[in-house]
Amino acid sequence: MELRVLKYFLMVAREENITRAANLLHVTQPTLSRQLMQLEEELGVKLFERGNHSITLTDDGMLLRRRAKEIIDLTEKTEEELSHRDQEIAGTVAIGCGETKNMSFLSQRIIEFRERYPLVRFHIYSATADEIKERIEKGLLDIGLLLEPVDISRFEFIRMREKEQWGILVREDSELAGQPFVSSRDLAKVPLIMAEREVVQRDLANWFGDLYENLEIVSNYNLLLNAANMAKHGVGAVLCFNMESGYSGLKFVPLFPRLESGAVLVWKKDQAFSVAAKRFIERAKQCILGMPEDA
């Protein structure tokens, strides 16, 4: 068995689709199909159950997936250990981020990482959790910082420590700006600007209860900057997290009862990362778990 073919096999097992795997591997679909058939012939077992639009692993295929991953991981680890220890690490680490205070954690890790590896650059892509997940799936991003609720079943992840507090962003001359908090009944009386993600809207609907159906929702938004601009011009109050950022002429007022959301740092399962991305993920995990750098 060639390592290259094992990597092909793992990609197909992960994607459950020949066409998608071929695109990610930059090979043609017939070439990839032929390599898989030759692997089955070599091993004398059936590795896949092939359907019209997807393929799934047989019991033998699941066994090979475990062993192939162990072989690839050991090979890569051995190559790295035998490489020149003083060789400088370079490249780009691509990170997708939602609007969250947990970005401060990543900023601190980036500073530390670049002090040790000054040739590494970072590409930051700001978007909603759904958009970031899609770009990770396509291989355009290495890591994602996602705001919950979000489906992360296809990802490795670690939960961030800091929770995000929900509230509203309103003009300083608003009656609500003078209150220590706002209730669902307070918000039933004002136009609202709400996040566009359906899973987030469902969480907010649960918080509002029976009042949700009668809310005056004038607009949706995906990123806060433009929503804050609308609030500043009197379009409505923005339902959002407390970003602890000063928006001129606006004030954040928390919800009561208190409503919070978590955040997760995710990366794709069984992904072949660059050395820079792999080490950055390892360091981020260490810091979140409170482990020393040489752990």
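Residues are numbered from 1 along each chain as its sequence is written, and side-chain values use heavy atoms, with hydrogens and water left out. Because the model is predicted, local features need pLDDT of at least 70 and side-chain atom pairs count only at pLDDT 80 or more, while totals for chains, interfaces and linings use all residues.

**Aromatic rings**

Let's start with the rings. A pair of aromatic rings is described by the distance of the centres and the angle of the planes. Here, rings of Phe, Tyr and Trp (its six-membered ring) pair if their centres lie within 6.5 Å; planes under 30 degrees apart count as stacked, over 60 as edge-to-face and the rest as tilted. Searching the whole structure on these terms gives nine aromatic pairs.

| Pair | Centre to centre | Angle between planes | Class |
|---|---|---|---|
| Phe113 and Phe122 | 6.1 Å | 80° | edge-to-face |
| Phe113 and Phe280 | 5.4 Å | 85° | edge-to-face |

The Phe113 and Phe280 pair links distant parts of the chain, 167 residues apart: Phe113 belongs to helix α5 (residues 103-116) and Phe280 to helix α10 (residues 275-289). Helices (H or I, at least four residues) and strands (E, at least two) are DSSP runs, numbered from the N terminus. Phe113 and Phe122 are both buried, and Phe280 is buried too; buried means under 20% relative accessible area, exposed over 50%, partly exposed in between (1.4 Å probe, protein chains only).

A charge sits over a ring if NZ of Lys or CZ of Arg is within 6 Å of the ring centre and within 35 degrees of the ring normal. Arg109 lies over the face of Phe105, 4.7 Å from the ring centre, and the charged end of Arg135 is over the ring of Tyr125, 4.1 Å from its centre.

**Helix α6**

Helix α6 (residues 129-137) has Ala129, Ile132, Lys133 and Ile136 buried. These residues lie on the same side of α6 because they cover an arc of only 100° around the axis, taken from the directions from the helix axis to the C-beta atoms. The buried residues of α6 pack against β3 (91-97), β5 (143-147), β6 (155-159) and β13 (263-268). After α6 comes Gly139, with a positive phi near 80°.

**Nonpolar cores**

A nonpolar core is a set of buried Ala, Val, Leu, Ile, Met, Phe, Trp, Tyr and Cys residues joined through side-chain atoms within 4.5 Å. The largest one has 61 residues, of which Ile168, Leu187 and Leu239 touch the most other members. Its largest share, seven residues, comes from α10. Beyond neighbours within four places in sequence, Ile168 has contacts (heavy atoms within 4.5 Å) that include Leu176, Val182, Leu187, Leu239 and Phe252. A second, separate core of 23 residues includes Tyr8, Val12, Ala22 and Ile55.

Leu57 lies in strand β2 (residues 55-57) and counts as buried at 17% relative accessibility. Leaving out neighbours within four places in sequence, Leu57 is in contact with Phe9, Ala13, Leu47, Phe48, Met62 and Arg65.

**Cysteines**

How many disulfides are there? The count is zero, a disulfide being a pair of cysteine sulfur atoms within 2.5 Å. The sulfur of Cys97 is 16 Å from the closest cysteine sulfur, in Cys287, which is too far for a bond. Cys97 is buried at 2% relative accessibility, and Cys287 is buried with a relative accessible area of 15%.
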